[in-house]
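Open your viewer and get ready for a short walk through two chains. At each stop you will find something to select and a note on what is there.

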Amino acid sequence: MPYFWLAVFFAVPFAIVFKISFSYMVPAQPGYAPLFEWLEESRRLVATFNLANYQVLLQDSLYLNTFLYSLKVAAISTVLCLLLGYPMAYAIARSAPTTRNLFLMLIILPFWTSFLLRVYAWIGLLKTNGVINNTLLSLGIIDQPLVLLYTDFAVYVGIVYSYLPFMILPLYSNLEKHDLTLLEAAADLGARPFKAFFKITLPLSMPGIVAGCLLVFIPAVGEFVIPSLLGRTDQLMIGTVLSAQFFGARNWPVASAVAIGLLLVLLLPILLFQRYQQRELEASRR
Amino acid sequence: MAERVVDRQNQYLRIESVTKRFGDFVAVDNVSLSIFKGEIFCLLGGSGCGKTTLLRMLAGFESPTSGRILIDGQDMSGIPPYERPVNMMFQSYALFPHMTVAANVAFGLEQEGVARPEIERRVREMLDIVKLGEFAKRKPHQLSGGQRQRVALARALVKKPKLLLLDEPLGALDKKLREHTQFELINLQEQLGVTFVVVTHDQEEAMTLASRIGVMNKGQIVQVGTPTEIYEFPNSRFVADFIGSVNMFEGRLIEDEPGHVRIRCDDLDTTVFVSHGISAAPDARVFVAIRPEKIEMTRGQAAEGENCVGGVVREIAYMGDMSVYLVRLDGGRTVRVTIPNIERHEERIVWDERVVLRWQPSSPVVLTQ
């Protein structure tokens, strides 16, 4: 059964995209030439592969540049999410059971509003005569409005804001299971609370950290709504390029090649995650 | 086995009128106690009697509401757990699951800032003592329960604490292993000379381990003494009842001499003659406690004289080394008697036989509270 789902929702779409990535673009419906053609007159099956889509990816510095930029944005956002999310998850996991549920509710609450709407709300907050600038101006802290919107800063704010729950929840579920007598044992053996945290709590929360980082990093690399609404216009992210190729230029073959490229880039962290999980699983046996 | 060196002059651990309240609940109620250097002291009591709270106050995880604790003359008030010369073996062992056995044992020494070669030497030495030398590289989840217990012990002992606290040290082990480990623990303590404070609810564990036992009830220490003193000379009905099993009869003092007393019990058709004096008001209400193994049982119809009653066997539990008989007295009360099974081919007393029960004048314990 899981294989069936995997086949329907992953393997088949992937195969289609993979196929399109080798096609020529044609200005018609569906937008690309078929790979295999049955030629009636010569009674032959002709396959026409087009590697040019991938060549574009490697040769056009725009693609390499956007790939690298996307990885950088995703990496920095992930680190920021971790730095913000860890203390929050820790505080929730250590709070009284009744307040704990309230905190968790508050973490999940933003999901009740449309993601798009929440990103738009950030425009209202960040723009030149937006809430933040107006408040700072009226308090006399600044006398010129700050340029916040359409910057890298805005993209980081948007991504960290949107993906923070995906960092907090796996961290929380890990931290909440910790046996607190381990910390008592560490204290008993002479470790101050700070030291005990780095020696005991932090290493034991690694599975939560890894899960949270991947849940933030992977979608953040391919993110296109946040950078296209809040980000710079002179520096695109790969998700934006991909959607522009699909829907703007209607160049499906190149867009498919970009998608495959993105997948290859993300394959590495996913494989690392899988190996890590495997190790954890083996360690937790018996 | 080496003789345990207990320095009775040295009150190594002194607990002075310590009280601990959690809100309205008094967990530990005005406990004062002295523990000598080099002894194994057991705090024995049922769940919720305050023994674990007292132990946690010694470790520094809880602080007394009032009173103070001195270790080797040093007042422990306000000293956090990580600065106390005390180590604890946790009931769950609390081994660090992400560290190897060697790293677990080394942890405490690392906190002290001991040099690396010195740490390695002491860890190896300690693991050899608990016979885990070859398991140094294993993780805790790759060990059996008994091995984990020994890692926990090694980890707590490697720092050479002034006081080792053990919370139900054998609670998680099965019966066979528990017996074996008890003796190992005693040997180890004699070898290293560390003062042990053990918390347990298991009287057997307390009896075999302890040089002295402190029985706790409702937050108070009700009796302190050697295992023999606690068993043979309980000072209250609670202690007599809690340690081992006992037959208890309510009675009235009818003769009170310095050398002996006579007690009339309503449940017994006889007067109880006790060959030692007690301190109680004449005609006072007292309790006579007789241990099941101190009662002699013979076949017979009539019971005559003092310390002698007749009855009928109602239940027999054959335990192998001994048998437990429940005998219904003619007065209606049921008495528990244990008889060692010395002869293999003996014709044992069976159900519904009439028997006579007798005991020595020195056997009953007279309790006034």
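Before the first stop, one term: two strands count as paired if DSSP finds at least two bridges between them. Keep in mind too that this is a predicted model.

**Stop 1: a pair of strands in chain B**

Select residues 40–44 of chain B, which form strand β3, and residues 195–200 of chain B, which form strand β8. These two strands run parallel, and 5 bridges join them. Now pick out I40(B) in the view. Which residue of β8(B) is the bridge partner of I40(B)? It is F196(B).

**Stop 2**

In chain B, 6 strands make up an open sheet, and their order is β6-β7-β8-β3-β9-β10. The pairing is mixed. Why is one side of β6 and of β10 of chain B left without a neighbour in the sheet? Select 86–89 for β6 and 220–225 for β10: both stand at the edges and have a single partner strand each, so one side of each has no neighbour there. Ignoring direction, neighbouring strands of this sheet are turned by 20° against each other on average.

**Stop 3: two helices in chain B**

Select α2 of chain B, residues 101–112, and then α4 of chain B, residues 145–157. Their axes are 7 Å apart, and the helices pack at an angle of about 25°. Angles under 35 degrees count as roughly parallel, so α2(B) is roughly parallel to α4(B). The crossing is right-handed.

To find the contact, show V101(B), N104(B), V105(B), F107(B) and G108(B) on α2(B), together with V151(B), A154(B) and R155(B) on α4(B). By class, the contact has 5 nonpolar, 2 polar and 1 charged residues.

**Stop 4: where the chains meet**

Bring both chains into view. Here 18 residues of chain B are in contact with 14 residues of chain A. On the chain B side, β6 and α2 each supply at least two residues. The largest share, 4 residues, comes from α2(B). The chain B side divides into 9 nonpolar, 7 polar and 2 charged residues.

**Stop 5: across to chain A**

How many helices and strands does chain A have? There are 13 helices and 2 strands. The C-alpha atoms of chain A fill a box of roughly 85 × 65 × 35 Å along the principal axes. Chain A has a radius of gyration of 24 Å, while a compact globule of 286 residues would have one near 19 Å.

Select α3 (residues 61–94) and α10 (residues 206–221) of chain A. The two axes come within 9 Å and cross at roughly 145°, and the crossing is right-handed. Among the residues that meet are L71(A) and C81(A) in α3(A), and I209(A) and F217(A) in α10(A). The contact counts 12 nonpolar, 5 polar and no charged residues.

**Last stop: α5 and α7 of chain A**

Finish with residues 115–126 (α5) and 152–175 (α7) of chain A, which pack at about 140° with axes 11 Å apart. That angle makes α5(A) oblique to α7(A). Look for W122(A) on α5(A) and V157(A) on α7(A), which are among the residues making the contact.

Note on methods: Residues are numbered from 1 along each chain as its sequence is written. Chains are lettered from A and ligands numbered from 1 in the order in which they are written. This is a predicted model: local features need pLDDT of at least 70, side-chain atom pairs count only at pLDDT 80 or more; totals for chains, interfaces and linings use all residues. Axes are lines fitted to C-alpha atoms, for helices over the stretch in contact, and angles run from 0 to 180 degrees between N-to-C directions. Two residues are in contact if their C-beta atoms, placed from the backbone, lie within 7 Å. Ala, Val, Leu, Ile, Met, Phe, Trp, Tyr, Cys and Pro count as nonpolar, Asp, Glu, Lys and Arg as charged, and the others, Gly among them, as polar. Angles under 35 degrees count as roughly parallel, over 145 as roughly antiparallel, 65 to 115 as roughly perpendicular and the rest as oblique. A crossing is left-handed if the near helix is turned anticlockwise from the far one by less than a right angle, and right-handed if clockwise. The radius of gyration is taken over C-alpha atoms; the globule rule is 2.2 Å times the number of residues to the power 0.38.
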